[in-house]
Amino acid sequence: MKSLLGLLKRPTPNSSDENRQDSLMFTTAFAELGVDSSMLVPWEARANEIGAKRLSSSRGSKLLQALWAKDKYMMRLATDAVPRLEQFFDFATVQADRDLIRQEEYGNFMIVLLTGSIAVDRVQPWGERLRLAQARPGDILGEMSLLDSGMRFSACSPLTECEIAILSAQALDEMMSSDAALAASLIALLARKLSLRLRVVSARVAENKN
């Protein structure tokens with residue numbers, strides 16, 4: 001019987017070793033910032049820990065395409081973008097009340113919520129959990145750490161059973177090697193959505209301080 005880790009392992013897209021070595025921007029960023037490999041929490045380890053179950057690529061891709069077709073930013077991707085993205089994403093189902101992302105850990109993956117609801121909390125120094133947001137289908141979580149290799153800003157825990165899409169640093173590097181135009185478009189849109197969300201979160205935190 002295959003292990004859960006094996007079931008969740010994403011097939012590697014076809015690209016030459018030489019090309020992959022040319023664009024390890026995201027895979028190597030954590031080490032370049034002095035983050036020891038033992039401190040890094042990849043998706044495979046988190047999936048195994050929380051008992052995530054594999055979701056078929058066909059269903060995951062269909063859900064992703066439907067959601068992003070209605071998103072004012074992600075809909076700017078080319079019409080054939082999601083089918084091209086499918087080979088770079090993992091898809092999984094996770095149960096409620098699991099630590100999908102933990103605050104102040106190092107993780108090299110982001111998540112797109114496909115179905116269900118996820119709580120996004122910030123644990124305050126005095127122990128109180130401040131609810132920053134309640135993610136809904138189409139929302140993206142964890143992209144900040146994927147892009148800048150920093151610590152996770154918040155904790156993310158499913159409130160219901162959820163279906164999710166996962167993009168890792170390794171997959172993003174592979175995308176840059178094999179489909180540079182797609183990678184560039186995706187990164188630009190992620191950065192734009194992240195900027196908007198940070199402005200909203202900053203305003204909410206400021207309100208709670210007053």
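Modeller: A contact here means heavy atoms within 4.5 Å. Among contacts in the chain between residues at least 6 apart in sequence, 79% join residues at least 24 apart. This is a predicted model, in which local features need pLDDT of at least 70 and side-chain atom pairs count only at pLDDT 80 or more, while totals for chains, interfaces and linings use all residues. Residues are numbered from 1 along each chain as its sequence is written, and side-chain values use heavy atoms, with hydrogens and water left out.

Colleague: What is the mean pLDDT of the chain?

Modeller: The mean is 83, and 88% of the residues reach 70 or more; pLDDT is the predictor's confidence in each residue, from 0 to 100.

Colleague: How many helices and strands does the chain have?

Modeller: There are nine helices and ten strands, taken as DSSP runs (helices H or I, at least four residues; strands E, at least two) and numbered from the N terminus.

Colleague: And how many salt bridges?

Modeller: The count comes to ten, a salt bridge being a side-chain nitrogen of Lys or Arg within 4 Å of a carboxyl oxygen of Asp or Glu. One of them joins Arg-46 and Glu-105, at 2.9 Å from N to O. That pair links distant parts of the chain, 59 residues apart: Arg-46 is in helix H4 (residues 43–50), and Glu-105 is in the loop between strand E3 (90–94) and strand E4 (106–107).

Colleague: Are Arg-46 and Glu-105 buried or exposed?

Modeller: Arg-46 is buried, at 1% relative accessible area, and Glu-105 is buried at 10%. Buried means under 20% relative accessible area, exposed over 50%, and partly exposed in between (1.4 Å probe, protein chains only).

Colleague: Which residues are linked with them in a network?

Modeller: The network of salt bridges links Arg-46, Glu-49, Asp-99, Arg-102 and Glu-105.

Colleague: Turning to Asp-121, which residues does its side chain meet in salt bridges?

Modeller: Asp-121 pairs with Arg-131 at 2.3 Å, N to O. Asp-121 lies in strand E6 (residues 118–123) and Arg-131 in strand E7 (residues 129–135), so the pair ties together parts that are ten residues apart in sequence. Asp-121 also forms a salt bridge with Arg-129, with the closest N and O atoms 3.2 Å apart. Asp-121 is buried at 5%, whereas Arg-129 is partly exposed at 48% and Arg-131 is partly exposed at 41%.

Colleague: How many bridges join E6 to E7?

Modeller: Six bridges join these antiparallel strands, and strands pair if DSSP finds at least two bridges between them. Arg-129 is also the bridge partner of Val-123.

Colleague: What is the strand order of that sheet?

Modeller: The sheet is open, with three strands in the order E7-E6-E9 and antiparallel pairing. E7 and strand E9 (155–158) stand at the edges with a single partner strand each, so one side of each is left without a neighbour in the sheet.

Colleague: A change of topic: which residues does Ser-61 touch?

Modeller: Ser-61, in helix H5 (residues 57–68), touches Val-82, Glu-86 and Phe-91, not counting residues up to four places away in sequence. Ser-61 is buried, at 7% relative accessibility.
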